[in-house]
Amino acid sequence: MELGDETAEIARVVVEAAPGVEKIPAAERVYAYVKAAILDRTYPGGELLTEGELAAAVGVSRTPVREALLRLEESGLVKLYPKKGVLILPVLPQEIDDVLEARELIETHAAAKVWPRRKQLIESLTDRVDEMRAYRKSGDTKSFLESDRAFHEAIVGAAGNEILSRLYNSLRDRQVRMGVPGIEMQPVRMDKSITAHQEMIEALGGNSVKRFRELVIAHIDTAAADLRSTR
């Protein structure tokens with residue numbers, strides 16, 4: 001699972017009841033806890049939960065639960081049903097298509113935007129790929145996927161559009177919920193991913209933005225095919 005750093009830390013604090021949890025606003029604690037549980041499929045698609053259950057799980061009243069659930073509904077993760085509870089929305093084939101199409105639009109736009117200052121990106125992206133190689137060697141799939149995501153977020157972030165960056169992060173959250181089919185059972189996919197990311201770095205060091213954009217698209221297409229193959 002990969003969340004925004006702040007959300008992930010709040011979720012950890014809530015789950016572990018770590019010192020300082022009382023200083024985090026109640027609605028923020030509920031939001032982080034439920035979001036984390038949805039993305040790692042502790043709360044699977046199709047499950048109906050009540051506000052009371054969530055309030056008890058986090059140790060808060062129902063008022064902040066409602067506030068948090070409204071935010072999650074806006075993100076497309078849940079559907080609220082008054083007096084019944086909240087439905088964890090299942091992943092539908094159309095959602096996969098929509099998320100990957102939106103990712104491609106944002107990432108290809110970012111690829112063109114960062115091209116004039118691409119050399120500034122090469123070092124940080126190389127660090128991410130080095131991390132991926134280390135995690136592949138140690139078999140740490142979760143950390144491998146976090147470095148993979150950080151690689152792409154660095155490119156989108158370098159484009160300098162905060163609205164697109166936030167939208168991109170929400171898309172990656174939704175993709176996490178869809179799962180990463182077979183990567184634990186077929187580690188060769190990690191090898192292919194490392195190769196694809198290294199090719200993108202090499203393209204950044206070249207003189208063809210067209211080549212860079214084509215590699216970005218090809219990488220997203222591969223992710224889309226892997227996701228669709230399990231549906």
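**Group meeting: a walk through a predicted model**

Hi everyone, let's begin with a charge and a ring: the charged end of arginine 118 sits over the ring of tryptophan 115, 4.0 Å from its centre.

Now the overall layout. The protein has 10 helices and three strands. If you follow the sequence, the pattern reads α-α-β-α-α-β-β-α-α-α-α-α-α. Of the 231 residues, 42% are buried.

The three of them make an open sheet in the order 1-3-2, with antiparallel pairing. Strand 1 and strand 2, which covers 78–81, are the edge strands, and each pairs on one side only. Helix 4, residues 62–74, packs on this sheet and touches strand 2 and strand 3. The direction of helix 4 makes about 130° with that of strand 2.

Next, aromatic pairs: the structure holds two. One of them is formed by tyrosine 33 and tyrosine 43, edge-to-face, at 6.4 Å centre to centre and with 75° between the planes. This pair links distant parts of the chain: tyrosine 33 belongs to helix 2, residues 26–39, while tyrosine 43 is in the loop between helix 2 and strand 1, 10 residues apart. Are these tyrosines buried or exposed? Tyrosine 33 counts as buried because its relative accessibility is 19%, and the cut-off for buried is under 20%. Tyrosine 43 is buried too, at a relative accessible area of 11%.

Let's move to helix 5, residues 93–114. Its 22 residues, at 1.5 Å a residue, should span 32 Å, and the end C-alpha atoms are 32 Å apart, so the two agree. Which residues of helix 5 are buried? Among them are Ile96, Val99, Leu100, Arg103, Ile106 and Glu107. In general, an α-helix has 3.6 residues a turn, so residues three or four places apart point the same way. The buried residues of helix 5 pack against helix 6 (119–138), helix 7 (141–158), helix 8 (162–178) and helix 10 (209–228).

I'll finish with two individual residues. Methionine 200 is in helix 9, residues 188–204. With 0% relative accessibility, methionine 200 counts as buried. What does methionine 200 touch, not counting residues up to four places away in sequence? The partners are Phe151, His152, Phe212, Leu215, Val216 and His219. Methionine 200 and arginine 211 are 11 residues apart in sequence, and their C-alpha atoms are 8.6 Å apart.

The other residue is glutamate 153, in helix 7. Glutamate 153 counts as partly exposed because its relative accessibility is 24%. Leaving aside neighbours within four places in sequence, glutamate 153 is in contact with Tyr168 and Asn169. Between the C-alpha atoms of glutamate 153 and glutamate 107 there are 9.1 Å, although these residues are 46 apart along the chain.

Conventions: Residues numbered from 1 in each chain as written. Predicted model: local features only at pLDDT ≥ 70, side-chain atom pairs only at ≥ 80, totals over all residues. Heavy atoms only, no water. Phe/Tyr/Trp six-rings, centres within 6.5 Å; stacked < 30°, edge-to-face > 60°. Helix = DSSP H or I, 4+ residues; strand = E, 2+ residues; numbered from the N terminus. Buried < 20%, exposed > 50% of the residue type's maximum accessible area, 1.4 Å probe, protein only. Lys NZ or Arg CZ within 6 Å of the ring centre and 35° of its normal. Pairing = 2+ DSSP bridges. Contact = heavy atoms within 4.5 Å. Axes fitted to C-alpha atoms, helices over the stretch in contact; angles between N-to-C directions. Expected span 1.5 Å × (residues − 1).
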